[in-house]
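Thanks for coming. Please have the model up as I talk.

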Amino acid sequence: MMILKMKKEDLSTFLDSIREWGELWGPVKKGDKCTYAKVDSLSQMDLKATRTIIPPKKFLYPPRFTMFDYDEEGYVERLGDVPKRILFGIHPCDLHGVLIMDKLFLEKYNDPYYRERREKTLFLGHSCIPDDKCMCFATNTDFIAEGFDLFFTDLKMFYLVWVGSTKGHDLVRMRPELFSRELDKNDILNYTEYRKWKNAQFKAQVDFTGMPDIFELAYTSPIWDQLAEKCLSCGQCSMVCPTCNCYNVTDEVELGALEGTRDRFWDSCMFREYSLVAGGSNFRDKRADRLRLWYTHKLQAFIGEFGKPACVGCGRCVSTCPVDINVVTVSNALKELEVGK
Amino acid sequence: MKKMCVVLDEREVQDNPFKPEMFRIVRRYPLTSDVNFFQARPMDVDEALKFNYLPGQFIMLSVVGEGEAPFCISSSPTRPGLLEFCIRNVGTLTSSLSNLKENQTIGIRGPYGNGFPMDKLEGKDIMIVAGGLGVAPLRSLLLNILDDRDKFGKVTYMYGARTPELMLFRDEFMRFKERDDINCLLAVEKDESGTWKDKFGMVTSLFKDLGPIDAKNTVAVVCGPPVMYKFVMEHVVKLGIPKHQILMTLERRMKCGIGKCGHCAIEYLYTCIDGPVFSWWDVLHMKELIGRGASDKTFA
């Protein structure tokens with residue numbers, strides 16, 4: 001992998017230059033939270049923020065969009081109206097989330113809607129400052145080696161810049177004089193120091209070792225019913241999770257005409273209708289069954305198939321769930337046979 | 001070396017897999033009071049002849065302005081040109097379907113799913129057990145086997161319905177009873193019309209009329225309402241048929257058919273791309289293949 005070095009003060013100039021390629025988006029403050037917004041310059045961004053409310057999946061796969069316009073003649077796909085975007089300040093956990101989305105949407109049948117947005121979106125990663133909710137150390141997603149176009153690691157005076165794709169390299173070539181290939185032993189020392197510092201920041205008490213077996217053992221555990229007593233089935237966990245990909249599709253009809261749009265929007269397996277089939281049979285009628293499905297998918301099934309959890313440890317479920325059901329409390333409850341307050 | 005970055009440009013570009021193609025309804029008539037039989041084909045006759053599939057596969061069917069849902073194919077790929085479906089009138093999409101007439105159009109994309117492993121069934125004795133509307137995907141398999149009869153061993157077909165009126169394709173199946181290359185066993189639970197001349201009881205009651213079978217060389221294929229599986233499986237397993245040679249096809253809510261929308265997920269599998277055909281062994285070690293909350297309203 002190509003690693004370059006850039007002076008901290010040159011970042012602003014660099015971002016100004018690459019806006020020629022497409023819209024610049026980055027994390028900005030919104031009240032006491034943080035969200036991705038379109039920006040004009042680095043000064044508007046909040047690079048210290050730990051996590052945005054919604055992960056960057058919304059750029060690849062918007063909460064609601066039109067797949068087809070239809071009339072009696074048939075279905076006409078709606079592609080091509082996606083702007084080119086550069087997302088700056090994406091953290092390793094979220095990039096791991098994007099890699100999981102890539103697997104889901106681009107392998108086997110590839111999804112042209114996802115694909116178009118993926119091709120028109122550049123990911124410029126940035127190193128992060130973990131807080132007490134971060135658990136990427138437990139999901140092995142605290143560092144990232146692929147999936148980004150450029151990745152900036154903040155070493156106080158400098159950035160070390162990983163070039164992860166040809167498009168990332170094209171961006172570098174727009175201002176080659178801002179980058180240096182000269183890396184010396186101080187860079188190695190600084191980087192080692194940075195990794196040590198980052199590892200020391202994690203405070204969450206969480207260990208996902210052996211979770212697939214624990215899920216199997218706890219399949220009929222009363223813990224699921226106890227969690228279901230608390231769960232509101234609001235689905236916020238799905239909305240904020242970087243690896244929740246489920247969606248629903250409906251046909252919207254224009255009044256008075258046999259034409260309309262086929263729309264696709266985020267869905268959650270926490271909703272009762274999720275597994276409902278025609279005739280009224282529901283494979284997951286009970287809230288406990290639906291909760292178990294969600295957590296099975298994050299901490300068991302994906303490990304079985306890909307050897308790692310679908311949870312990327314971003315901590316959004318921890319900061320979002322109104323009744324404190326999240327990967328930490330659920331995995332601990334299954335192991336300790338007790339639901340925390 | 002580790003594969004670097006996501007090189008999207010090198011991935012194979014496909015047609016939009018979500019785009020329904022327009023098909024013309026060639027024929028539609030009721031099989032029972034609430035199940036309709038449809039024949040449909042692509043507008044272009046060459047396309048119609050090219051449409052290939054496996055028994056047990058399904059398609060996503062759109063009614064313009066109403067939506068899209070998965071339906072299994074009831075026709076056999078050995079008879080190309082027309083796709084056949086039996087569709088029960090249970091929801092908004094299916095009731096708008098039942099209002100469509102010949103020469104109107106529907107959208108279809110597919111076929112999807114694994115389907116029955118036809119190459120692995122060759123040379124085997126085949127036992128098909130259907131209950132209620134579960135006959136819809138199994139008819140495809142049965143017709144395919146009968147059309148390619150010399151490729152298979154002994155063929156047994158068992159089908160149970162609640163009443164003679166609710167027995168789908170009754171006349172077609174009654175005629176199979178006249179053939180000597182298939183053991184066709186039919187039963188109804190009750191008959192108020194007094195027209196039924198054949199066996200009475202649940203489909204499980206037909207097992208006593210089976211005669212000797214070569215269990216190790218038999219593949220059993222079962223489809224019916226979830227409540228039926230438990231009872232049928234007891235019989236099938238007792239016969240000594242290996243658990244991985246007992247196949248079933250399942251139903252789940254689906255919004256895409258191609259492993260993206262998530263609705264049909266069961267642990268790490270998707271019913272749409274890893275199924276809908278699973279073995280009894282799959283069911284035994286994957287707890288949710290036959291839903292705990294599933295009621296007998298699902299198929300029958």
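A:Leu337 sits in the segment after α13, the helix at 327–336 of chain A. This is a predicted model, so local features are only taken where pLDDT is at least 70. A:Leu337 is not a glycine, yet its phi is positive, at about 60°. Is A:Leu337 buried or exposed? A:Leu337 has 11 C-beta neighbours inside 10 Å, so it counts as exposed.

Chain B has a case of its own. B:Asn103, also not a glycine, has a positive phi of about 80°. You will find B:Asn103 in the loop between α2 (92–98) and β6 of chain B. With 9 C-beta neighbours inside 10 Å, B:Asn103 therefore counts as exposed.

Next, cis peptide bonds. Going from B:Gly110 to B:Pro111, the peptide bond is cis, and omega is near 0°. B:Pro111 belongs to strand β6 of chain B, residues 105–112. The peptide bond from B:Gly275 to B:Pro276 is cis too, with omega near 5°. Where is B:Pro276 found? B:Pro276 is in a loop of chain B, with α7 (271–274) on one side and β15 (277–279) on the other.

Last, the contact between the chains. How many residues does the contact take from each chain? Chain A gives 56 residues and chain B gives 44. On the chain B side that touches chain A, the classes are 16 nonpolar, 14 polar and 14 charged residues.

That's what I have.

Key: Residues numbered from 1 in each chain as written. Chains lettered and ligands numbered in written order. Predicted model: local features only at pLDDT ≥ 70, side-chain atom pairs only at ≥ 80, totals over all residues. Contact = placed C-beta atoms within 7 Å. Nonpolar A, V, L, I, M, F, W, Y, C, P; charged D, E, K, R; others polar. Helix = DSSP H or I, 4+ residues; strand = E, 2+ residues; numbered from the N terminus. Buried ≥ 20, exposed ≤ 12 C-beta atoms within 10 Å, placed from the backbone.
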